Amino acid sequence: MNTFRTVEREGKLPVVHVAGRFECALCPVCARPSATTNGTGWRDVIDVVRTLVITLSICVRRFLCEYEDCPQRSFDERFEGIGRGGASERALAWFADLARGRATRAVARDVGVPEHYLRLAVGAARRRASARRAGHLGRRLAIDECSIKRGYVYATVFSDPERRVVIDVAPGRDGAAIWAFAGLYQRHQRARVAVVTIDCHNAYRYMVRLAFPHALIVADAFHLHRLVLDALAKVRRRPPPASAKTNAAMPGFPRRPVTP
């Protein structure tokens, strides 16, 4: 692409106006070149130049296929690395690297782009990382978090308790990790899951209800045992009620005999 103008805006992303450098374009159906245009339009795409986030304002030309045997009469000019979305593939890959182990909202605020672009980038990176390691789903599924670097980097582990195997590991410990894992399987495959064992994380519980609507959500034994012990400790530390002290001080109240 040829750059012919750059506009600096205070408090906003700089705008770079670009256009195609070739007079012809290939038809997406017949793959033959065409030089006949039928109008132009402008399209804004977020891109990254080194570490600078910019807005590409692309002049997109509309071409007419010059061959009568082609079913595609007209088509838009296409550019490498820029799809139908609002961000380029290079920008999405860079956003995914920045958001690795961090909150997408904080990264979006620091970079100055909408938050949904970070979510798309992280989801695409997780699907690419997990596509080759997608395992078989059984009747039971266990989801738990683990610390790769304590206090900094976390991951979500998906395992099968019946087969005692790890199915997949996704970066992060939020609901997006479960959604990316569920996206690797079709609806009928996810419907076979009858029981999902998770900890008491609210983000996990909410996303499991969406991804596995027919499954029964069960708290794992470790966190359930810890909650019971915490509840017992609170009861033991609780002071006795005031009514018990008042009844003990009243005359005629039966007292426990004191053994010598």
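The protein has a mean pLDDT of 80, and 87% of its residues reach 70 or more; pLDDT is the predictor's confidence in each residue, from 0 to 100. This is a predicted model, in which local features need pLDDT of at least 70, side-chain atom pairs count only at pLDDT 80 or more, and totals for chains, interfaces and linings use all residues. Residues are numbered from 1 along each chain as its sequence is written, and side-chain values use heavy atoms, with hydrogens and water left out.

**Whole chain.** Show the protein as a cartoon to see eight helices and 12 strands. Helices (H or I, at least four residues) and strands (E, at least two) are DSSP runs, numbered from the N terminus. Of the 260 residues, 33% are buried; buried means under 20% relative accessible area, exposed over 50%, and partly exposed in between (1.4 Å probe, protein chains only).

Select strands S5 (residues 36-49) and S6 (residues 52-64), which run antiparallel and are joined by 12 bridges. Two strands pair if DSSP finds at least two bridges between them. Val48 stands opposite Val53 in S6. Two residues lie between the strands of this hairpin, and Arg50 takes a positive phi near 60°.

**Residues 89-98.** Move to helix H1 and pick out Ala91, Phe95 and Ala96, its buried residues. These cover an arc of only 135° around the axis, so they sit on the same side of H1; the arc is that of the directions from the helix axis to the C-beta atoms. Turn to the face away from the buried side to find Glu89 and Arg90, which are exposed.

**Residues 202-211.** Select helix H6, where Tyr204, Met207, Val208 and Ala211 are buried. Looking down the axis of H6, the buried residues fall within an arc of 105° and therefore line one face of the helix. Asn202, Tyr206 and Arg209 are exposed on the other side of H6. Now show what the buried residues of H6 pack against: strands S8 (140-149), S9 (153-160), S11 and S12 (216-219), with helices H4 (175-182) and H5 (187-191). Contact means heavy atoms within 4.5 Å.

**Cysteines.** Finish with Cys24, partly exposed at 42% relative accessibility, and Cys59, buried with a relative accessible area of 15%. A search of the whole structure finds zero disulfides, a disulfide being a pair of cysteine sulfur atoms within 2.5 Å.
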